[in-house]
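The following exercises are to be worked with the sequence and the structure at hand. Each task is followed by a solution in steps.

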Amino acid sequence: MDASLPAHMRPERSFQGFILALQRFWAEQGCVILQPYDMEMGAGTFHPATTLRALGPKPWNAAYVQPSRRPKDGRYGENPNRMQHYYQFQVIMKPSPPNLQELYLKSLAAIGIDSAVHDIRFVEDDWESPTLGAWGLGWECWCDGMEVSQFTYFQQVAGFECAPVAGELTYGLERLAMYVQGVDRVYDLNFNGRDGDAKVTYGDVFLQAEQEYSRHNFEYADTAMLFEQFKMAEAACKKYLDAGWRDGGNKKQHLMALPAYDQCIKASHVFNLLDARGVISVTERQSYILRVRELAKACGEAWIHTEAGGAA
Amino acid sequence: MPDLLLELFSEEIPARMQAKAADDLRRMVTDKLVAEGLVYEGAKAFATPRRLALTVHGIPARQPDLKTERRGPKIGAPDAAVQGFLKATGLKSLDEAKIQRDPKGDFYIGLIEKPGRDAIDVLAEILPVIIRTFPWPKSMRWGARSGKPGSLNWVRPLHAITATFGLETEEPDVVKFSVDGVEAGQTTCGHRFLAPAPIQLRRFEDYEAKLLDAKVVLDPERRKDAILTDAKQLAFAQGFELVEDQNLLDEVAGLVEWPVVLMGSFEPEFLATPGEVIRATIRNNQKCFVVSDPKTGKLANKFILVANIEATDGGATIIAGNERVIRARLSDAKFFYETDLKTKLEERLPKFEQIVFHEKLGTQAARIKRIERLAAEIAPLVGADVAKTTRAAHLAKADLLTEVVGEFPEVQGLMGKYYALAQGEDASVAAASEEHYKPQGPADRVPTDPVSVAVALADKIDTLVGFWAIDEKPTGSKDPYALRRAALGVIRLIAENALRLSLMKVAASALAGLSVKPADASRLPSDLLAFFADRLKVQLREQGARHDLVDAVFALGGQDDLLVIVRRVEALGKFLDSDDGKNLLAGTKRAGNILSIEEKKDKRSFDGAPDAALYSLAEEKALAKAIGEVKAEANAAVAKEDFAAAMSAMAKLRPPVDAFFDKVRVNDDDAKVRENRLKLLNEIRSATRAVADFSKIQD
């Protein structure tokens with residue numbers, strides 16, 4: 001931890017200070033610090049900086065916060081740690097550096113988790129995303145019995161082998177910050193690190209939103225519109241993919257992988273909303289997941305034929 | 001003789017894979033050594049979360065020299081053949097070959113001497129191959145090299161290899177090889193947090209000791225012992241008793257290199273939640289042990305955790321952190337439990353209409369209806385109250401839709417019982433929720449309450465008949481729906497409760513209740529019966545009893561009352577253990593053999609009653625008389641299901657049968673007498689069929 005920080009910026013006092021400490025740490029490891037992707041998504045992995053950049057031979061090191069929307073996890077603000085909107089901090093390093101575990105442990109030290117008093121463990125957890133056609137091996141990282149991060153070596157994304165393999169770290173920011181700040185209810189997190197009247201809590205920022213979105217996700221989200229949106233996003237994705245192919249001399253090229261992938265993200269989120277509204281049956285559910293996966297795979301295929309995704 | 005030390009140092013290996021990996025490593029290296037002519041004295045392998053280690057001691061320093069002879073061409077063979085022979089054997093000229101004479105002519109023989117290589121060179125060749133082909137259940141690529149084809153696959157990134165070989169008295173040599181850029185050497189690291197500095201190694205003896213100094217307990221058994229001892233002591237010191245859990249112990253020992261056992265507590269009000277739920281929560285989610293109060297046998301509000309570090313604050317932070325998580329988990333579990341209690345079990349049932357049990361067998365709702373009907377039918381046969389049985393079957397599966405069971409599948413049934421009791425159901429009805437799943441295996445308890453028995457039988461028979469109807473029978477090692485277990489369950493339920501029921505009738509009724517109609521519906525019940533016979537044989541074999549007797553009883557035909565079958569088999573087994581039984585079996589078999597030979601010869605059978613007028617010898621008459629008496633006596637005993645008495649009756653046949661074979665020649669010159677004697681032999685066979693088909697019994 002950086003001792004020179006003013007009190008209100010310290011990761012154990014301030015949620016934003018906590019995020020900044022992580023960003024700073026990973027910036028020092030050579031990562032580009034990105035801002036959140038401007039679309040709704042279920043996890044930081046969906047960000048094209050992870051999904052697409054994990055494919056292809058080019059080195060890529062990035063870190064960013066991504067708001068994660070899980071409509072089904074809404075609890076009207078009444079559960080101490082379950083929310084339909086929360087933050088993930090995502091790190092991706094390709095190829096995975098040999099000391100990625102050490103870097104991860106140092107990042108914990110940077111946010112005030114001292115391995116001399118905390119019991120940090122790597123517990124087997126293989127990761128698979130059926131919607132992204134992706135899997136990897138790794139661990140859940142435990143701190144004193146609490147899962148605080150996910151650590152994965154990507155083996156396959158969008159149905160393609162990762163060559164080289166990228167290492168991915170996902171930190172559950174609220175949960176970690178709650179632990180570091182010693183609060184039991186997420187809404188009690190000190191957001192800005194100030195005291196008295198100047199203090200802003202996580203609840204001040206997000207409680208109303210949790211209540212409103214829970215209402216929306218479970219009760220009012222317009223399902224007719226959402227069904228239509230799913231179809232539109234799916235069709236648009238395919239349309240952009242078809243339109244993007246170019247014959248670039250001796251190899252095929254794709255010129256619109258990113259816009260097409262946006263529609264895949266869109267379709268995935270719309271599906272999550274429909275799922276939360278309970279209008280998708282068990283059997284249909286599987287077929288929707290497959291449809292999104294088909295889009296993701298086609299986008300991956302397009303991506304590896306772009307400049308950033310292909311061999312230079 | 002020199003020893004090998006091998007260590008493969010990696011990122012954290014999943015706990016569940018460690019034991020098998022250590023075993024595989026030992027097996028692969030030692031098999032290969034033996035195949036290379038290097039017979040070792042002993043080997044032992046170990047695993048921790050970060051390393052696989054192997055020591056093989058007493059390996060010869062060199063392979064023995066190999067001498068082989070190779071037969072070449074005949075003397076005077078064409079030059080091409082001679083040149084080929086010289087090339088293959090490495091001889092300079094034919095002068096170096098021997099000449100061997102055999103009936104086909106004179107041949108050149110080449111003696112090839114392959115000098116043995118140094119063991120260390122052999123190791124340098126075999127170890128990288130073993131590492132590359134190691135059978136991890138799941139393996140992965142990593143790092144920059146994973147961009148290229150042929151990169152190493154390992155369970156998690158492999159960081160270092162230690163491989164030394166040498167005598168105890170000398171500085172050992174490093175076995176020189178590398179795998180995908182990892183060079184074998186003699187440096188490893190200690191505990192990730194407590195002693196991360198590199199350690200120089202020589203051989204196994206200093207390896208284990210140096211690791212211990214570096215806060216790594218190499219041997220998983222030692223880690224388990226340490227955890228168990230400390231956990232028991234910690235519990236005891238506070239007046240509690242550790243609830244032992246071998247699987248959890250195995251797993252936890254695979255998560256730490258330096259086990260430190262600590263105790264935490266949670267709020268006593270959580271103890272209002274059923275103990276099994278608390279245990280499942282603490283065990284599954286947190287991999288911690290629970291403790292009980294020895295006075296009451298109930299859980300105490302404490303738990304035991306196993307940390308991987310000696311913390312500088314004595315573990316206070318670790319305990320506090322674990323307590324926080326356990327508190328949150330228990331409050332979830334308590335919330336689930338209390339939420340579950342608000343909904344009556346039957347109100348959950350409509351949801352089963354949306355849940356598919358099996359694509360071809362319909363929904364869970366349909367299955368529950370079938371079980372209800374079948375259980376009601378079975379109830380009177382097992383002495384159960386029909387109304388209670390119907391109610392029990394109606395509710396038995398409802399807990400599958402509760403929150404607690406959704407979270408912890410292993411408490412299915414048990415929660416159903418708690419919820420049923422809470423909503424005021426009859427005790428037998430409630431118990432059936434838990435009991436109807438039993439017995440789950442050969443070691444599991446068999447329910448005895450008639451209501452539970454009826455529902456358990458209906459559940460299992462519906463499953464068996466259903467999967468039989470859609471032709472999803474177990475094949476070889478594949479039994480995805482655990483049908484063998486279900487059949488064994490039925491056998492044990494019937495045998496241990498001494499139940500009388502016709503399996504064919506129950507199976508036919510279950511079949512009639514299915515919506516699918518298999519093409520060969522009429523054959524299904526008897527087909528299923530044969531499966532039960534097989535299961536019964538397996539069970540008897542496992543109990544060390546004679547299993548061939550099952551065939552001897554089933555061959556009588558029309559046997560579908562399992563209890564009767566089991567009793568017949570038991571009585572038969574006892575009888576055949578006696579001298580009378582053994583001799584009668586031999587006599588009956590002899591009669592059968594003679595008959596089948598003569599039947600073949602004459603192309604006819606010798607059925608029908610023998611003619612008393614044709615008996616000429618006293619032994620014939622005596623046998624005929626004995627058969628008549630024994631038949632009547634045995635059949636009367638069988639009708640009373642007194643199989644022991646039937647067997648004692650059979651025993652009376654032995655002296656006349658022995659005397660008959662002793663004194664009477666069957667193949668008499670008089671064709672009529674011969675035919676009559678063969679008919680008499682046939683009578684022996686048919687008399688013994690009152691208890692079993694003796695021809696199916698192995699000698």
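**Exercise 1.** Determine which residues of helix 24 (residues 654–663) of chain B are buried, and what they pack against.

*Solution.* Helices (H or I, at least four residues) and strands (E, at least two) are DSSP runs, numbered from the N terminus. A residue is buried if 20 or more other C-beta atoms, placed from the backbone, lie within 10 Å of its own. By this criterion, B:Arg654, B:Pro656, B:Val657 and B:Phe660 are buried in helix 24 of chain B. An α-helix has 3.6 residues a turn, so residues three or four places apart point the same way. Next, contacts are found: two residues are in contact if their C-beta atoms lie within 7 Å. The buried residues of helix 24 pack against helix 21 (579–602), helix 22 (618–639), helix 23 (643–651) and helix 25 (671–688) of chain B.

The model is predicted: local features require pLDDT of at least 70 and side-chain atom pairs pLDDT 80 or more, while totals for chains, interfaces and linings use all residues. Residues are numbered from 1 along each chain as its sequence is written, and chains are lettered from A and ligands numbered from 1 in the order in which they are written.

**Exercise 2.** Describe the open sheet of chain B that has 3 strands.

*Solution.* Strands pair if DSSP finds at least two bridges between them. The order is 4-6-5, with antiparallel pairing. Strand 4 (66–74) and strand 5 (98–102) of chain B are the edge strands, each pairing on one side only. From one strand to the next, the twist averages 35°. Strand 5 and strand 6 (residues 105–114) of chain B are joined over 5 bridges, and B:Lys98 stands opposite B:Ile109 in strand 6. Finally, helix 2 (residues 79–89) of chain B packs on the sheet and touches strand 4 and strand 6. The direction of helix 2 makes about 175° with that of strand 4, where axes are lines fitted to C-alpha atoms, for helices over the stretch in contact, and angles run from 0 to 180 degrees between N-to-C directions.

**Exercise 3.** Characterise the contact between chain A and chain B.

*Solution.* Counting gives 27 residues of chain A in contact with 29 residues of chain B. On the side of chain A, strand 4 (120–124), strand 6 (134–143) and strand 7 (146–157) each give two or more residues. Strand 4 of chain A gives the most, with 4 residues.

Terms used. A residue is buried if 20 or more other C-beta atoms lie within 10 Å of its own, exposed if 12 or fewer, and partly exposed in between; C-beta atoms are placed from the backbone.
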